[in-house]
Amino acid sequence: GERVEETGILFNDKSGENLVKWLGISEDVLHSGDFSIIPMDFYYPGKGKSGDKAPRSFIEKEYHPLLLNELKDIKLTILIGTYAQKFYLKDKFKKNLTETVKSYKEFLPEYFPIAHPSPLNNRWIAKNPFFREEVLPELKGIVKKLR
């Protein structure tokens, strides 16, 4: 979002507040070096009709492999939102985000797909109680074990 773009700190907004709650950590821990965050794009593309505009696809194709090559000892990759899930899961992505997140166990231990923590997704979260009841406790448990 715009605040992240202005500060240059990933998840330095309401989405970040939600993400740290979902992971069961503090904001300091998120930015401590124990976590690496690779955004699907390196700048805010602006608002679209329903949420933000799509990230530029050349970023994921050209830069993600280079960045991942620099990261050592990755224990878990949390795929935040549809764009990340489609790119990393490829043909294993289900018919939509809901079905992919419901199927999170299929992708473990390498990947853990979740909804984007943006407040714009509060309606989706309310419509899909499995996310708060099953997915988030499982995610917190895994993150706790990995720390």
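Let's start with Asp73. Asp73 is exposed, because its relative accessible area is 60%. By definition, exposed means over 50% relative accessible area, buried under 20%, and partly exposed in between, with a 1.4 Å probe and protein chains only. Asp73 has a phi near 60°, a positive value in a residue other than glycine. Its place is the loop between H5 and strand S3 (77–80). Helices here are DSSP runs of H or I with at least four residues, strands are E runs with at least two, and both are numbered from the N terminus.

A word on the model. This is a predicted model, where local features need pLDDT of at least 70, side-chain atom pairs count only at pLDDT 80 or more, and totals for chains, interfaces and linings use all residues. Residues are numbered from 1 along each chain as its sequence is written, and side-chain values use heavy atoms, with hydrogens and water left out.

Next, Lys90. Lys90 also has a positive phi in a residue other than glycine, near 50°. Look for Lys90 in the loop between H6 and H7. At 53% relative accessible area, Lys90 is exposed. The charged end of Lys90 sits over the ring of Phe87, 4.4 Å from the ring centre. That label needs NZ of Lys or CZ of Arg within 6 Å of the ring centre and within 35 degrees of the ring normal. Lys102 does this too: its charged end sits over the ring of Phe130, 5.4 Å from the centre.

Leu108 and Pro109 are joined by a cis peptide bond, with omega about 10°. Pro109 lies in the loop between H7 and S4.

Now the core. In soluble globular proteins, nonpolar side chains tend to be buried together. A nonpolar core here is a set of buried Ala, Val, Leu, Ile, Met, Phe, Trp, Tyr and Cys residues joined through side-chain atoms within 4.5 Å. How many residues does the largest nonpolar core have? It has 24 residues, and those with the most contacts inside it are Phe112, Ile114, Trp124, Phe131 and Val135. Several elements give two or more residues to this core, including helix H2 (14–23), strand S4 (111–114) and helix H8 (122–127). H9 gives the most, with 7 residues.

On to the rings. A pair of aromatic rings is described by the distance of the centres and the angle of the planes. Rings of Phe, Tyr and Trp (its six-membered ring) pair if their centres lie within 6.5 Å; planes under 30 degrees apart count as stacked, over 60 as edge-to-face and the rest as tilted. The whole structure holds 8 aromatic pairs. Take Phe42 and Tyr63: the centres are 6.0 Å apart and the planes are at 75°, so this pair is edge-to-face. The pair links distant parts of the chain, 21 residues apart. Phe42 is in the loop between helix H3 (27–30) and strand S1 (47–48), and Tyr63 is in the loop between helix H4 (57–62) and H5. Phe42 is partly exposed at 41% relative accessibility. Tyr63 is partly exposed at 35%.

Compare Tyr104 and Phe112. Their pair is stacked, 4.9 Å centre to centre, with 25° between the planes. Both Tyr104 and Phe112 are buried. Trp22, Trp124, Phe130 and Phe131 form one aromatic cluster.

Back to the surface. Leu66 is in helix H5 (residues 64–70). Leu66 is exposed, at 56% relative accessible area.

Last, salt bridges. A salt bridge is a side-chain nitrogen of Lys or Arg within 4 Å of a carboxyl oxygen of Asp or Glu. There are 5 in the whole structure. Asp34 and Arg147 form one, at 3.8 Å, N to O. They sit 113 residues apart: Asp34 in the loop between H3 and S1, Arg147 in the segment after H9. Both are exposed.

Asp41 and Arg56 form another, with the closest N and O atoms 2.7 Å apart. Is Asp41 buried or exposed? Asp41 is buried, with a relative accessible area of 8%. Arg56 is partly exposed, at 32%.

Finally, Glu106 and Lys94 meet at 2.8 Å, N to O, in a salt bridge. Glu106 lies in the loop between H7 and S4 and Lys94 in the loop between helix H6 (82–89) and H7, so the pair ties together parts 12 residues apart in sequence. That's the tour.
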